[in-house]
Amino acid sequence: MLRRLRQRHGTDPVTHVERVPPRDGLPARWPDWAPEELRLAYRRRGVASPWRHQVEAAGLAYHRRHVVVATGTASGKSLAYQLPALATLLADPRATVLYLAPTKALAADQLRAVAALEVEGVRPACYDGDTPRAEREWIRRHARFVLTNPDMLHHGVLPGHAQWSGFLRRLVYVVVDECHVYRGVFGSHVAHVLRRLRRQCARYGRADGPTFVLASATSGDPAAAAGRLTGLPVAAITEDTSPRAGVTFALWEPPLLAPDRSAAAPECGPVDGPIAEPDVTQVRRSALRETADLLADTVAAGVRTLAFVRSRRGAEVVATSARRSLDEAVPGLGGRVAAYRAGYLREERRELERALLHGDLLGLASTNALELGVDLIGLDAVLICGYPGTRASLWQQAGRAGRAGREALAVLVARDDPLDTYLVHHPEAVFGAPVEATVLDPANGYVLGPQLACAAAEAPLTTADLELFGAGAKEAVEALVQAGALRQRPTGWYWRHRERPEVDLRGAGGAPVCVVEAATGRLLGTVDGGSSHFLLHAGAVYLHQGVSYVVDSLDLADGCALVHPQEPDWSTHARDVTSLSVVSVRSYVDAGPVGMFLGEVDVTSQVVSYQRRRIATGEVIDTRPLDLPARELRTVAVWFTISPQSLATAGVDPADVPGALHAAEHAAIGLLPLVATSDRWDIGGLSTAVHPDTEAPTVFVYDGHPGGAGFAERAYGMAAAWLRATRVAVAECCCEAGCPSCVQSPKCGNGNNPLSKSGAIRVLDVVLSNLPEGQGQAGVAGQA
Ligand SMILES: [Zn+2]
Ligand SMILES: [Zn+2]
């Protein structure tokens with residue numbers, strides 16, 4: 001199949017083919033402690049014997065060690081926690097188990113799996129926002145295996161802990177499924193929700209506390225990440241001993257286009273909004289178009305294929321475009337391709353999954369592997385449109401391919417950005433040992449304070465509790481007292497208000513802004529507060545499900561933008577002015593002419609104008625001013641300084657310094673996901689030839705979330721590896737003066753101006769030749 005696909009262009013788009021060989025499973029004996037009844041239940045479900053990694057993880061958990069299983073998709077992670085949990089429920093008729101999934105769909109799948117085992121007396125039940133009131137009380141009193149999600153634990157279970165006291169007192173296991181999803185600000189919140197859970201268990205008499213069993217996709221150092229998430233020492237099982245079908249994994253770089261700009265859009269991105277047009281003539285064919293064509297080709301060949309696309313709009317575009325070309329070839333064939341995304345009703349999703357498994361559907365374009373049913377594996381081909389941001393997600397998506405005894409195909413189609421381009425030319429970063437770590441920072445004061453307020457509202461905080469919440473808890477509590485939220489009494493800190501604190505676990509960047517069609521009042525969608533100034537300013541072109549709208553007005557007080565449908569022949573590009581001041585330095589490396597720093601910064605940014613550009617030519621029509629308020633962000637940044645002399649010695653012309661720094665900044669932000677599980681949209685940057693606080697040429701890279709989310713720390717710790725990969729990505733790009741694959745950024749508030757590609761390479765060389773190797777020795781880029 002691959003041979004056929006790669007002949008579609010004049011040049012071969014495949015940069016690497018990795019053959020992932022089939023693997024025989026390593027079966028193991030059922031552990032002695034597993035009761036006969038359970039073994040029989042699994043045999044009835046077709047599990048004759050477990051795999052070795054399942055038995056190892058289950059054994060640790062059964063003996064009350066906290067454990068994380070970090071193995072591939074479909075490696076049977078659920079048996080590793082079900083076995084000890086169900087064995088304990090059978091042996092102790094009072095014991096209870098709590099299971100947490102990041103999505104309702106996954107919890108519902110797990111409920112079906114546990115219920116299908118038909119183990120006497122387990123009484124599994126889902127408890128989420130959809131659970132009818134009438135059932136909730138029964139669940140609290142009688143269910144012994146409760147499946148829920150962190151949001152429900154935070155908003156429902158913990159505030160109502162008294163009603164759950166019996167359940168919490170008898171809680172033996174807490175299962176945290178797909179735990180690599182808990183990263184960044186969301187992950188930091190969830191870490192404290194788990195600490196609040198541990199506190200309530202202890203208050204109701206479980207002095208030793210429940211045992212945590214976590215399941216993770218493969219990642220760098222899963223034990224450390226699980227430890228940060230739970231606040232407990234966690235052992236890791238990482239060797240996958242389940243059998244696997246062979247997969248041919250191709251890395252695919254769409255060919256360069258002739259300089260015809262109209263063919264370049266749209267590009268897939270994480271937001272459903274207008275996409276910046278690159279400022280260049282040299283552009284690659286879009287990953288979306290390429291994926292749509294590949295999907296049409298595989299479907300035409302009768303190959304059952306799943307295509308993963310990052311944005312909703314992208315998934316719709318891929319499905320629509322594949323359908324159209326199939327119908328042109330064979331009328332009616334297009335009907336065997338569909339789009340699938342979060343937001344569809346569960347029944348609709350199950351119907352699509354069924355149709356694909358039975359072959360009625362041959363192609364499906366989907367937004368997210370986690371939303372898919374657990375049974376949807378064993379497909380013939382998986383297409384991945386753009387690197388999904390983490391290796392965990394990449395393998396989770398690729399892992400949907402492969403039926404026993406049949407070779408499957410996986411293709412990663414690169415988008416035109418520095419990270420994707422780097423990856424398709426550096427297969428060792430995709431197929432070698434993972435280095436990217438799941439990043440979270442429970443000590444972030446913007447997370448810790450609100451979480452301590454929630455904890456205090458649940459029950460007064462004691463000095464002993466502060467230790468549970470970790471570094472910074474004492475200061476955070478004092479700040480809450482100062483702010484009048486808590487009152488200190490001899491017995492502890494008390495929440496002073498009648499209402500509970502309002503804390504959103506996913507909250508960052510302000511309240512979402514609603515997009516409303518003015519003529520009809522119809523709500524089209526929402527845009528997070530942080531992006532609204534960029535995407536929804538008056539005059540902005542806003543895309544929604546393939547339809548183009550123009551914004552009439554943005555009302556920030558109401559959190560609402562009014563739009564009307566219009567298809568102009570221009571696109572809009574907001575520009576912002578950002579300034580940054582250093583508040584404090586936490587850590588630094590003095591490397592002669594180069595300094596590397598980690599610290600707190602204040603970032604002020606203001607969207608001041610937007611450009612209108614012709615879609616067909618990229619020509620700038622005009623620049624229009626905007627009157628939007630400035631926004632402030634206190635966050636954590638990593639930055640490096642270089643002495644002007646060393647830049648001059650390296651051959652950077654003084655006039656070229658701003659462009660060199662700016663280009664290095666863009667590329668460095670683009671490559672950061674290689675070492676931390678960030679998204680380029682989680683990160684901001686600023687570069688300047690002289691910064692007033694550092695008095696030197698400086699490049700700042702900062703967390704886009706108040707208080708930071710751990711990305712800057714990780715970048716600082718891995719600086720040498722991170723910047724070496726950045727240098728390689730820029731130097732190896734085949735463009736002449738910079739392109740979206742290397743130094744241009746779709747997010748640049750400055751219209752990608754000035755940029756100097758050759759200067760960026762020199763800047764990075766100066767930094768790397770001075771930086772001690774210890775600053776991130778274990779990098780993937782080490783071989784480069
Ligand atoms: Zn380039
Ligand atoms: Zn920029």
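**A strand and a zinc site**

A: Val 309 stands opposite Cys 385 in β13. The model is predicted, with local features needing pLDDT of at least 70 and side-chain atom pairs pLDDT 80 or more, while totals for chains, interfaces and linings use all residues. Residues are numbered from 1 along each chain as its sequence is written, chains are lettered from A and ligands numbered from 1 in the order in which they are written, and side-chain values use heavy atoms, without hydrogens and water.

Q: Which strands pair with β13, and over how many bridges?

A: Strand β10 (residues 305-309) pairs with β13 in the parallel sense over 5 bridges. Strand β14 (residues 408-413) also runs parallel to β13, joined by 5 bridges, and there Cys 385 stands opposite Val 413. Strands are DSSP runs of E, at least two residues, numbered from the N terminus; two strands pair if DSSP finds at least two bridges between them.

Q: Is β13 (residues 381-385) mostly covered or uncovered?

A: Mostly covered: 5 of its 5 residues are buried, meaning under 20% relative accessible area with a 1.4 Å probe, protein chains only. Ala 381, Leu 383 and Cys 385 point one way, Val 382 and Ile 384 the other.

Q: Now the metal. What coordinates the zinc ion (ligand 1)?

A: Cys 733, Cys 735, Cys 739 and Cys 742 do, each through SG, at 2.2 to 2.4 Å. Donors are N, O and S atoms within 2.8 Å of the metal (3.2 Å for Na, K and Ca). Cys 733 and Cys 739 are buried.

Methods:
Buried < 20%, exposed > 50% of the residue type's maximum accessible area, 1.4 Å probe, protein only. Helix = DSSP H or I, 4+ residues; strand = E, 2+ residues; numbered from the N terminus.
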